[in-house]
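Student: I would like to learn how to read a protein model. Could you take me through one, feature by feature?

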Amino acid sequence: MLESTLELDLPVEARAVLEEEATLLERVRAALDRAQERAARVGGRAPRELRSVAALRELRDEAAAASADDLPAVLLEMSVRQRLIEQEPREALPDPLCPYLAHLRVDEGKGAKDYLLGHATFLDPSADVRILDWRVAPVAQIFYRYREGDEYEEAFPGRVAEGVVKARRIVVVERGALTRIVGDGLVLTRRGDGRWTLAERAALAMQPGGAGTAARPGSLGVGAGAPDHAKVADVTALLDADQYAAVCAPPEQPLLVLGSAGSGKTTVALHRLARIAALDPARCPLSAMNVVVPEEGLARLSRRLLSPLGAGEAQVKTLDAWSSATAREVFGKPIALCDDPPALVSSLKRHPALYRALRERFARLAPANTTLPRLRRRLADVFTDRGFLEGVVAASGGDLPRSAVEETVRHTLLQIAEPLDRQLASITVASMKRALDGRAIAEGTPDELAGTLDIDDLPILLFLRAARRGLDGAGWSHLVLDEAEDFSLFELFVLGKLLGETRSVTLAGDEAQQTSSSFAGWDAARAALGVGDAATCRLAVSYRCPQPVAELARRLLGELAPETPARAARDGAPVGLFRFPSEAQAHLFLAGALRDLVGREPRASVAVIARDAGAARELHALIEELPEARLVLEGAFSFEPGIDVTDVDSAKGLEFDYVVVPDATAAAYPMNHEARRRLHVAATRTSHQLWLISGAAWSPLLGDVGAS
């Protein structure tokens, strides 16, 4: 039956698996054909409806023979049954072109039993066919949690299931044809000519030896001694010549450190801070040194990495924490903030076009008008002025859509409305100011925005104050700005006003890794910061990513890639590419691969980097039973071994031994500049090996790489 597709040179075991799966698929297809024929005979009704129709026919027969006394009750029952049939949702049969996703065989002591996981439930006991919805079927837990040959014990509704997993395979059926079988010990793939090839288990596992390759507390710096850096205590000795020269730049010389992912920008910036503090502690005390970064994850890592350098007392803050603290200090009062402003509004408020427009609009603002209440009113006027906002959008060069205007106006009108607590001030009964569930009346409604500002408003307010009146306070002795491509010009301007007379500052960044629309170019960034004369150091070697990842990263950037590519310091594990027809199959494969990896390398740091926080939550739900799996959002990394399921924004600036991008699809990463940079950031977080997984069409950014 299978002579046309079987490879005669396949091992006996592989041929047996292939024939078994092909036979099972034929049995399922035949069962579905019979179910379709039965449904067609009754006007397209599904199996569950057939039982209801049969019951209705029995009632009709009963009514024909019923006595006059019994007839009303029988007719009422018939009416109820008829309404149930009309209201009952029709059961969709599995798609015969792709009826299931995976095959699980278990033995609970009464003989082996086969379960197929799919998108719809279909049972045909006479044909020994059991297709279960993988999202809700309890037996799906066994597929996720166990491997072939494992004994299991699971609590199912009404019973405790105990047995042995006999077979566990992802089965890829495309257009009705079996094309791939991914088992715990083999991969069978059907080629275009119909012949089958076998790949061994190694093709399914990440390459071993990655544990400890990523920078961790006590191992900052990956310079000339990179191959052994995880075992070396004095990492300062590992700095290469370019890195060391940058570290030793005169303290009074502002410095811009540029380099690709993994080139050591953070290493240089933090070492320079530590050296300046050590050379002249009286003039440059650590307590007057500051490190500001965009994300909490990088802030946490920077604090830990500074400790071995003797610079743990330096203040490390995120941009949001810095702007909130500075606004409270400058304006002398707390400010109510909107927790989650619309993304378009944030993009507009951080864009260089707004910076230029506000400089012009408020060029003659009187210093007396820079109090917080007056600045808030002027900012509200700006963000409800459609003509002004349309000019900003037009000057953005296509970065901002026209819809940003109405979104900003709508959001601002809600914020300048009178808060409900003031409207209810005349009510003296406290319980009348709360909803039935005990929450404040405005909570969870648009009224909750009343009286608030966005976190992105704070740098703008501080900019207007600093430009016309200055900022009080002693100047900082040294400032490090890491991932500086994500700073807005407003933030850079205010930070520049906080520098001491020596203008001692280190900017570290890479325009290829920007993840927001705030970047205006390095010349504009230096000018806003007030250090137009800053020297530039370019780091030409990427120590983090092995050669295969570095090559892929450059292809991802396309036209955005720098003219001169960074040189990878070492060869390394190949990039793993795994595509499946459906997201469910991709998730099943990922869950098994991660379980294998943490079992083999329990000390490894693994990052599963999803496109956004929502996707990260969904992925974590699939593997949350693994004790090593952690959902990490908003930068709350522990930097301990295990699996961090996170998103691109949270992972930026960090590195891990292994990285998996679980959604390298066209939907997640389309063909545009923003997607290029975001996928590039995700891919370049690894120091050992990268896997790209897709449960749909590959992202077009992968080009020929993802053509398989």
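Pockets, cores and helices

Tutor: The largest pocket has a volume of about 2000 Å³. This is a predicted model, in which local features need pLDDT of at least 70, side-chain atom pairs count only at pLDDT 80 or more, and totals for chains, interfaces and linings use all residues. Residues are numbered from 1 along each chain as its sequence is written, and side-chain values use heavy atoms, with hydrogens and water left out.

Student: What is a pocket, and what is its volume?

Tutor: On a 1 Å grid over the protein atoms alone, a pocket is an open set of points where a 1.4 Å probe fits, with protein on both sides within 12 Å along at least five of seven lines; lining residues have an atom within 4 Å of a point. Points are joined across faces, edges and corners, and the volume is the space filled by probe spheres set on them.

Student: Which residues lie nearest the centre of the largest pocket?

Tutor: They are Glu295, Ser346, Thr515, Ser516 and Asp649, out of 48 lining residues. Among the elements that give two or more residues to this lining are helix H8 (319-331), helix H9 (343-350) and helix H22 (673-683). Helices (H or I, at least four residues) and strands (E, at least two) are DSSP runs, numbered from the N terminus.

Student: How does the lining of the largest pocket divide by class?

Tutor: It has 17 nonpolar, 12 polar and 19 charged residues. Here Ala, Val, Leu, Ile, Met, Phe, Trp, Tyr, Cys and Pro count as nonpolar, Asp, Glu, Lys and Arg as charged, and the others, Gly among them, as polar.

Student: What is the volume of the second largest pocket?

Tutor: That volume is about 600 Å³. Of its 29 lining residues, Ser260, Pro562, Thr564, Pro565 and Ala566 are the closest to the centre. Helix H18 gives the largest share of the lining, six residues. By class, this lining has 15 nonpolar, eight polar and six charged residues.

Student: How much of the protein chain is buried?

Tutor: Buried means under 20% relative accessible area, exposed over 50%, and partly exposed in between (1.4 Å probe, protein chains only). Of the 708 residues, 53% count as buried. The chain has 22 helices and 25 strands.

Student: Where do nonpolar residues gather?

Tutor: In soluble globular proteins, nonpolar side chains tend to be buried together. A nonpolar core is a set of buried Ala, Val, Leu, Ile, Met, Phe, Trp, Tyr and Cys residues joined through side-chain atoms within 4.5 Å. The largest one has 61 residues, and Leu348, Leu354, Leu358, Leu481 and Leu495 have the most contacts inside it. Helix H15 (residues 457-469) supplies its largest share, seven residues. A second, separate core of 58 residues includes Val257, Leu306, Ala668 and Ala683.

Student: Which residues does Leu481 contact?

Tutor: Contact means heavy atoms within 4.5 Å. Leaving aside neighbours within four places in sequence, the partners of Leu481 include Val292, Phe487, Leu495 and Leu529.

Student: How many residues of helix H16 are buried?

Tutor: Eight of the nine residues in H16 (residues 489-497) are buried, among them Phe490, Glu491 and Leu495. In helix H10 (residues 352-361), the buried residues include Pro352, Leu354 and Leu358. The buried residues of H10 pack against several helices, including H9, H15 and H16.

Student: Is Asp657 buried or exposed?

Tutor: Asp657, in strand E24 (residues 656-661), is buried, with a relative accessible area of 2%. Not counting residues up to four places away in sequence, Asp657 touches Gly210, Arg603 and His688, among others.
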